[in-house]
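Trainee: I have a structure to read, and I want to know what stands behind each label. Can we go through it term by term?

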Amino acid sequence: MPFPVTDQPLYPEALLIDADPATRTLEKSGIPPGTVLAVQSGDPARWLALWALARSADLPFMPLSPDMPAQQVETVLQRAGCAALLEMETGDDPLPALVSGSTNTAVAADSPVRLIIHTSGSKGVPRGVMHTTKSIEAASRAACSRLDYGPGDLWLNCLAPWHIGGIAILERALHAKAGVLPMQGFNPARIWQALQQYPVSHLSLVPAMLSRLLEQAAGHPPPPRLRKVLIGGGPLSAELFLKAQRCRWPLCVSYGLTEAGSQAATLCTPGDDWRAGDAGPALDGMEIRIDETGVIELRGPMVMAGYLNPSLTPGEGLSEDGWFSTGDLGELDDSGHLHLLGRHDDVIVSGGINIHPASVEQVLHQHPDVDDVAVVGSADPVYGEIVTAFVVGNARDESLNSWCQERLSSAHRPRRIIRIDTLPLLGIGKIDRGRLRELAAHS
């Protein structure tokens, strides 16, 4: 089995082998049929080897974050039923070694589940999301079509492979018979250098990564062969969008989540009139609707089979007719574009008025001395909650207050402004609002 060298282009189909040799490799290591193969490694070579082994043997693959605590890993393995945490040694004839495992439930040999990815934990506790071969293929096909990714292209992947954004790139490359340039972690200097050195056509970033890469580029446009820069994992501010637009970065603004196989809606080459929150139309095959409370619901072949359970039984987390409620608030305009308003559980209720943090953040982002900002609600004995802004930058309180008075209604103006050096982020790059609420409660 070939092992790729980090930061060198690879083609995922070259990693796959026949099913029989893959099965015999597992049997030599004492891994029973039907086992969920888990890996917890930051080493791309070891990680990719186990992904290829699971893919070749047609077994469920469950990558875990290297930062996941040991106790939580054991809980996840129990939740996955018959599961094995493996380590892969590199070499001419490598064998996976069993680190730990659970065999409390035998998974049916005909289970359709082939990928288990844990969410970022934006709701508090990461949940295992089960995807089948069909849902993976549907997500890859729709993404490749929207992003014009095919043979001869090269996608630079600096996203963590234990999150959906990272592994989805690998699956798209396999579907498209295209290449991937895997990079271990996000380093703006190395990525900028790689864009000059390799014929990279596609790149995935969260907004915080885009901001740092633009600083590294120092106003220079990317090489013309870079055709698509997919932005996801959190809200993109209008200011950051315009900064990238002025330097001719070919952004594709997206909305997606683990349960949707990465992307649900994507807008490529947005115009100068783009406004924050516009994620464009749904991908081919994806249905989007807004329920009576304003929450986005999704249905389609790329939507998950359900949340993880010991028997890998589909259905948990989905309605009887296959709809998934995202917990995110949004609107659909007359052209079918999805506009994001924030998370339902992030809504601040102050004096009986519902306030979406994104609407306040967009205004604060426009202040010339604000580098970054996040808004949460904090407890108040009179109003229930008050708007609290965590601000990165040199903007003075007086200036911020005047700025908001001119642009926001009284209820939407921040009642507290807390200075912070950097915003806390979850592993995938989303703002850790739970941590901010904790900081607000103790400030």
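Mentor: Start with a strand pair: in E9, the bridge partner of Leu-156 is Leu-203. This is a predicted model, where local features need pLDDT of at least 70, side-chain atom pairs count only at pLDDT 80 or more, and totals for chains, interfaces and linings use all residues. Residues are numbered from 1 along each chain as its sequence is written, and side-chain values use heavy atoms, with hydrogens and water left out.

Trainee: What makes E7 and E9 a pair?

Mentor: Two strands pair if DSSP finds at least two bridges between them. Strand E7 (residues 154–157) and E9 have two bridges, in the parallel sense. So they meet the rule of at least two. Strands (E, at least two residues) and helices (H or I, at least four) are DSSP runs, numbered from the N terminus.

Trainee: How many bridges join E9 to E10?

Mentor: Four, and again the sense is parallel; E10 covers residues 228–231. Ser-204 stands opposite Leu-230 in E10.

Trainee: Which way do the residues of E9 point?

Mentor: His-202 and Ser-204 point one way, Leu-203 and Leu-205 the other way. In a regular strand the side chains alternate between the two faces of the sheet. All four of these residues in E9 (residues 202–205) are buried.

Trainee: Why is the unit of E9, H7 and E10 called right-handed?

Mentor: The strands are taken to point away from the viewer; a crossover is right-handed if the path from the first strand over the helix to the second then runs clockwise. E9, H7 and E10 make a right-handed β-α-β unit.

Trainee: Why is Cys-82 called buried?

Mentor: Buried means under 20% relative accessible area, exposed over 50%, partly exposed in between (1.4 Å probe, protein chains only). Cys-82 has 7%, so it counts as buried.

Trainee: What makes Cys-252 and Cys-268 a disulfide?

Mentor: A disulfide is a pair of cysteine sulfur atoms within 2.5 Å. Here S to S is 2.4 Å, so the pair qualifies. Cys-252 lies in strand E11 (residues 251–255) and Cys-268 in strand E12 (residues 265–268), 16 residues apart. The link is right-handed, with 110° about the S-S bond. Both cysteines, Cys-252 and Cys-268, are buried.

Trainee: How do you know that Cys-247 is in no disulfide?

Mentor: The nearest cysteine sulfur, that of Cys-252, is 17 Å away. Cys-247 is buried, at 16% relative accessible area.

Trainee: Which residues of H8 are buried?

Mentor: Leu-240, Phe-241 and Ala-244, in a helix of residues 238–246. Seen down the axis of H8, they fall within an arc of 100°, so they line one face of the helix. The arc is that of the directions from the helix axis to the C-beta atoms. These buried residues pack against helix H7 (207–217) and E11.

Trainee: What about H11?

Mentor: Helix H11 (residues 433–441) has buried residues Arg-433, Leu-436 and Ala-440. They cover an arc of only 55° around the axis, which puts them on the same side of H11. Their packing partners include H9 and strand E20 (370–380).

Note on methods. Contact = heavy atoms within 4.5 Å.
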